Amino acid sequence: MVASATPASASSVRALFASEDSAARLLARRRDDVLATLRGFAAAADTAGADPSTSARACPEDARPALELLDESSNARDDACTLAVLTHLKILARDAATRATFGERGVRTLVRVLKTIDRTLLAMKETPKQPVSRERATGILLAAEGANVALNACHHPANVAAFAEAGGVSVLLRWLSRDATTKRVEGGGDVEDGGVDGNRSGERVPRASGRGREAADAPSAALRRNAAGALQSACFEPAGRAAAAREDGVEGMLAALQVAVGGPCGGERDGKRSAHDADVDAVLAARLTGALHNATADAACVRLVRAAGRGGVPLLVSLLRGTEADAAASAAGAVQNLARERQARAEARRAGAVAALGDLLVAGTTSGKAHAAGALANLLGPELSGEEARERDGGGSESGSGDQQENVAPSLAVDGDSGDARRRALGKLLSSALALSMAWEMIHDAPPETRALA
């Protein structure tokens, strides 16, 4: 196991790759050395993460030798070596300069390996009502670590473009699906073994023990969390957002989010805790909401959220009042983006976004407060300035076909100058409220209670 490996330095890794003239010869002649060195480097990286005094440990500057070895080990169906290389690449991709060396060829290699893992999982899924085999557990472990590599690598814009073009986004979207990653024995819980948490290399996720429902620490749950994180990373860039729109990714992320907060499998929810709290995957919900926040920076994804048959806008609004601070903050950012479109803006108001954002502006996290202020400005500003009335009278400029009547207040009869003044006044009011809320929190080391302000 990685945790018990002897720590190895970056120079040891470089010497290993320099010892043979090709990845194929390295794997054939020095496989045990490959495993020992890469696992040792991962153990050293874990130590560096836990001990700030070792945080300056050098990282190999070039990821390409490891990517070539990944391709070779995957073709050889050497799962142990493939896992070790994926963990190594995950660590390398934490460094901005090193992940830039992946290049288009390296990213395509990564996606090719992810697709191979995906095909293996799909083939195993076809065996009905059989206990989950160790081979399938290994496949899920590989997929989870591969998703972590994608998460880190996609912090580089050029990598995102290559990743999306090669079909990496579609693989991640499949891994979000519970059906694609989970297999249960009738009457029991998951029996998959192994998994990673996406943070410390080599740590294994405890085996799930629940009955009839998947525990949040099951390996397949870890895979979905890692896939969601990779999608969040990819959707930060235009190429990733375009791929999400093209691959029905918005619908897929909303479906997974609904399950993550206890939707279809746990009953209707309003973002509050209930008796089904054990079914809520807070990490998955936060990452999916973050991915949707990033995706809705594009107008095409805004339209897809609004048009989703799963109540996309109300679902995101419901998370504004949730107890998960990260999900609430990202949901506010998503609503801020959605509110740029007239129909989505009206739907968000009908779902109670204004009151929920007001509470978040007072009692949310720092990012939650900032996104709440921006969302309120986008939700209320167009009506105050008269822009919304002009859009309705003119049929709308960006909202698409009007398939239902908006339940909004009567138009404000204002001219352009006074409308702009009202919008600026709203902006100043929100800025003052944001500053006051942050000042209160700094002075009292706690957010103000909304009930005290009622």
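Predicted model: local features only at pLDDT ≥ 70, side-chain atom pairs only at ≥ 80, totals over all residues.
Residues are numbered from 1 along each chain as its sequence is written, and side-chain values use heavy atoms, with hydrogens and water left out.

**Overall make-up**

- The protein has 23 helices and zero strands; helices (H or I, at least four residues) and strands (E, at least two) are DSSP runs, numbered from the N terminus.
- Of its 454 residues, 50% count as buried, where buried means under 20% relative accessible area, exposed means over 50%, and partly exposed lies in between (1.4 Å probe, protein chains only).
- Among contacts with a separation of 6 or more, 75% are between residues 24 or more positions apart; a contact means heavy atoms within 4.5 Å.
- The accessible surface is about 20,000 Å², and carbon and sulfur atoms hold 52% of it; such areas come from the Shrake-Rupley method with a 1.4 Å probe, and for residues only the protein chains shown count as cover.

**Two buried threonines**

- Thr 296 sits in the loop between helix 14 (282–295) and helix 15 (299–307).
- Because its relative accessibility is 0%, Thr 296 counts as buried.
- Beyond its neighbours within four places in sequence, Thr 296 is in contact with Cys 301, Val 302, Val 305, Ala 334, Asn 337, Leu 338 and Arg 340.
- Thr 98 belongs to helix 5 (residues 96–100) and has a relative accessibility of 1%, so it counts as buried.
- The side chain of Thr 98 makes a polar contact of 2.7 Å with the side chain of Asp 95, and a polar atom of the Thr 98 side chain lies 3.2 Å from the backbone oxygen of Pro 60.
- Residues up to four places away in sequence aside, Thr 98 touches Cys 59, Pro 60, Glu 61, Asp 62, Ala 63 and Leu 92.

**Helix pairs**

- Helix 3 and helix 4 have axes that come within 9 Å and cross at roughly 155°; axes are lines fitted to C-alpha atoms, for helices over the stretch in contact, and angles run from 0 to 180 degrees between N-to-C directions.
- Helix 3 and helix 4 are therefore roughly antiparallel to each other, since angles over 145 degrees count as roughly antiparallel, under 35 as roughly parallel, 65 to 115 as roughly perpendicular and the rest as oblique.
- On helix 3 the contact is made by Ala 66, Leu 67, Leu 69, Leu 70, Ser 73 and Ser 74, and on helix 4 by Cys 81, Thr 82, Val 85, Leu 86, His 88, Leu 89 and Leu 92.
- Helix 8 (residues 157–165) packs against helix 12 (residues 238–246) at an angle of about 20°, with the axes 8 Å apart, and the two are therefore roughly parallel.
- Helix 8 also passes helix 12 in a left-handed crossing.
- Val 160, Ala 161 and Ala 164 of helix 8 make the contact with Ala 239, Gly 240, Ala 243 and Arg 246 of helix 12.

**Positive phi values**

- Arg 77, in the loop between helix 3 (64–75) and helix 4 (79–92), is a residue other than glycine with a positive phi, near 55°.
- Arg 77 has a relative accessible area of 60%, so it is exposed.
- Asp 248, in the loop between helix 12 and helix 13 (249–260), is likewise not glycine and has a positive phi, near 60°.
- Asp 248 counts as exposed because its relative accessibility is 58%.

- Helix 18 (residues 342–350) is mostly covered, with eight of its nine residues buried.
- The buried residues of helix 18 include Arg 342, Arg 345, Glu 347 and Arg 349.
- His 371 lies in helix 20 (residues 366–385) and is partly exposed because its relative accessible area is 22%.
- His 371 and Ala 331 stand 40 residues apart in sequence, with a C-alpha to C-alpha distance of 8.6 Å.
- Not counting residues up to four places away in sequence, His 371 touches His 293, Ala 329, Ala 332, Gly 333 and Gln 336.

Methods:
Left-handed = near helix turned anticlockwise from the far one by under 90°. Polar contact = N/O pair within 3.5 Å; in protein donor to acceptor, adjacent residues only side chain to side chain.
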